[in-house]
Amino acid sequence: MTQATRVYITPPTNTSAIDHPMMFPPVDPSRRRFLAVAAVGSFVGAGSLAAAAMAPPNVPQAVTTPVPSKPDPAFVLIADKRAADIAHGEAIDAQDEADGRYGFHSDESSEADDRCLVACRAVNAIDWKLATTPPTTLAGVAAVLRFANEHEDAGGEWPNTDEVGADGWHYQLRATMAAAIEAIIRQTGV
């Protein structure tokens, strides 16, 4: 189990912890709470931020923060996937514009088609990395699984979705997430 190396909040000894405003801050359902959590996240890391953001606002947060040995790759891959999807969408738009403006058989259309193909390959490469890179935290596992559903709910597709068995994207995702959870269990002794 990860050992805490710092104590960030120590309540005064002459008051109750319940009376201490840092132990039980007022509930703020507005975006200010999100921004405060995000600011703290830059100090404590993405895994701790995800756990803090998922906690109900009226439940006190832990007063110690474990220091992970390295950041969870799941959060970086999700950000990379979103950026690659945006770049791919922009390449598709540019290809459509070049086709309409210069014609399907023009040099401009051909160049735009090449850029679109490169963007598509980049998206597919990140899709497979997302399905085959084990998260190192339970927050990372949850984030990947939720992101996969969000992507599909928005109409997005994954490579080899129709493939049944080990060659399918969903099969790889499930196998990777199961292996990640087992590794986390071994590390924490739970």
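**Charges on and between helices**

Q: Is Glu 111 buried, partly exposed or exposed in this predicted model?
A: Glu 111 has a relative accessible area of 46%. Buried means under 20% and exposed means over 50%, so Glu 111 falls in between and counts as partly exposed.

Q: Which side chain does Ser 109 join in a polar contact?
A: Ser 109 also has its place in helix H4. Its relative accessibility is 4%, so Ser 109 counts as buried. A contact of 2.2 Å links its side chain to that of Asp 99.

Q: Which residues are linked with Lys 81 in a network of salt bridges?
A: Lys 81 is buried, at 1% relative accessibility, while Asp 85 is partly exposed at 26%. Both lie in helix H3, 4 residues apart, about one turn of the helix. The network linked with Lys 81 holds Asp 85 and Asp 127.

Q: How many residues apart in sequence are the parts tied together by Glu 150 and Arg 82?
A: The side chains of Glu 150 and Arg 82 meet in a salt bridge of 3.2 Å, N to O. Glu 150 lies in helix H5 and Arg 82 in helix H3, so the pair ties together parts separated in sequence by 68 residues.

Note on methods: Residues numbered from 1 in each chain as written. Predicted model: local features only at pLDDT ≥ 70, side-chain atom pairs only at ≥ 80, totals over all residues. Heavy atoms only, no water. Helix = DSSP H or I, 4+ residues; strand = E, 2+ residues; numbered from the N terminus. Buried < 20%, exposed > 50% of the residue type's maximum accessible area, 1.4 Å probe, protein only. Polar contact = N/O pair within 3.5 Å; in protein donor to acceptor, adjacent residues only side chain to side chain. Salt bridge = Lys/Arg side-chain N within 4 Å of Asp/Glu carboxyl O.
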